[in-house]
Amino acid sequence: MPIKQINRVNPLDLNKNISIGISLPFNGPSGPFNRTFSTKEQIKSNLINLLLTNKGERVFNPEFGANIKKALFEGINDNISELLRMLITTNVGIFIPEVEIIDIIIDLIKDENTINITLKYKMVISGNEDQLTVQFI
């Protein structure tokens, strides 16, 4: 007897005509605020927002942010990859609990003073996996 497959869907995804939030970056064809219509899109925008925000930047929520830019300003050394992994893992767990991190890939390009952070993650409710890459110059 075959095993019945259960598809888990976030209730917010059932009505495709209702927007859930706004996406990043703020430069789209429909004006400065592009709307998201699925939890997958909104979670990706929330992750980008968290990674690009330092603590103290968010009004009325000064603890929000991953502090990545602050850590990079301190200087790139041998421990920076582990520090970035710890900051990302801790803050995603606090501020975006609907995401389970699968892998964090940190690519240091010292000649160009650039760091690419690729975050592979799974959405807890649906089990869908996705990834995003954020570049810090």
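# Notebook: loops, sheet and helix packing

Entry 1. I began with Asn 67, which counts as buried at 15% relative accessibility. By the convention I use, buried means under 20% relative accessible area, exposed means over 50%, and partly exposed is what lies in between, with a 1.4 Å probe and protein chains only. I note that this is a predicted model, in which local features need pLDDT of at least 70 and side-chain atom pairs count only at pLDDT 80 or more, while totals for chains, interfaces and linings use all residues. Residues are numbered from 1 along each chain as its sequence is written, and side-chain values use heavy atoms, with hydrogens and water left out.

I located Asn 67 in the loop between helix 1 and helix 2. Helices (H or I, at least four residues) and strands (E, at least two) are DSSP runs, numbered from the N terminus. The phi of Asn 67 is near 65 degrees, a positive value in a residue other than glycine. Most residues other than glycine have a negative phi. I then looked at Phe 60, which lies in the loop between helix 1 and helix 2 (68-73). Phe 60 also has a positive phi, near 65 degrees. Is Phe 60 buried or exposed? I recorded it as exposed, with a relative accessible area of 85%.

**Entry 2. The whole chain.** I counted three helices and five strands in the protein chain. From the N terminus on, I read the elements as β-β-α-α-α-β-β-β. Of the 137 residues, 34% count as buried. Among contacts between residues at least 6 apart in sequence, 34% join residues at least 24 apart; contact means heavy atoms within 4.5 Å.

Entry 3. I traced an open sheet of three strands in the order 3-4-5, with antiparallel pairing. Its edge strands are strand 3 (99-109) and strand 5, each of which pairs on one side only. Neighbouring strands are turned by 15 degrees against each other on average, direction ignored. Two strands pair if DSSP finds at least two bridges between them.

How many bridges join strand 3 and strand 4? I noted ten, in the antiparallel sense. Asp 107 stands opposite Asn 116 in strand 4. The hairpin of strand 3 and strand 4 has four residues between the strands, and Asn 113 there takes a positive phi near 50 degrees.

Strand 4 (residues 114-123) and strand 5 pair in the antiparallel sense over eight bridges. I found Leu 132 in strand 5 as the bridge partner of Leu 119. The hairpin of strand 4 and strand 5 has five residues between them, and Gly 127 in its turn has a positive phi of about 80 degrees.

I next followed the side chains of strand 5 (residues 129-136), which alternate. Asp 130, Leu 132, Val 134 and Phe 136 point to one face and are buried.

**Entry 4. Ile 115.** I placed Ile 115 in strand 4 and noted that it is buried, with a relative accessible area of 2%. Not counting residues up to four places away in sequence, Ile 115 touches several residues, among them Leu 72, Ile 76, Leu 84, Ile 106 and Val 134. Ile 115 and Leu 72 are 43 residues apart in sequence and 9.0 Å apart in space, C-alpha to C-alpha.

**Entry 5. Helices on the sheet and on each other.** Helix 1 lies across strand 3, strand 4 and strand 5, running at about 30 degrees to strand 5. Helix 3 packs on the sheet, touching strand 3 and strand 4, and its direction makes about 155 degrees with that of strand 3. For these values, axes are lines fitted to C-alpha atoms, for helices over the stretch in contact, and angles run from 0 to 180 degrees between N-to-C directions.

At what angle do helix 1 and helix 3 pack? I recorded about 130 degrees for helix 1 (residues 39-52) and helix 3 (residues 80-95), with their axes 11 Å apart. The two helices are therefore oblique to each other; angles under 35 degrees count as roughly parallel, over 145 as roughly antiparallel, 65 to 115 as roughly perpendicular and the rest as oblique. Leu 47, Leu 50 and Leu 51 in helix 1 meet Ile 88, Asn 91, Val 92 and Phe 95 in helix 3.

**Entry 6. Ile 94.** Last, I looked up Ile 94, which lies in helix 3. Ile 94 is exposed, with a relative accessible area of 53%.
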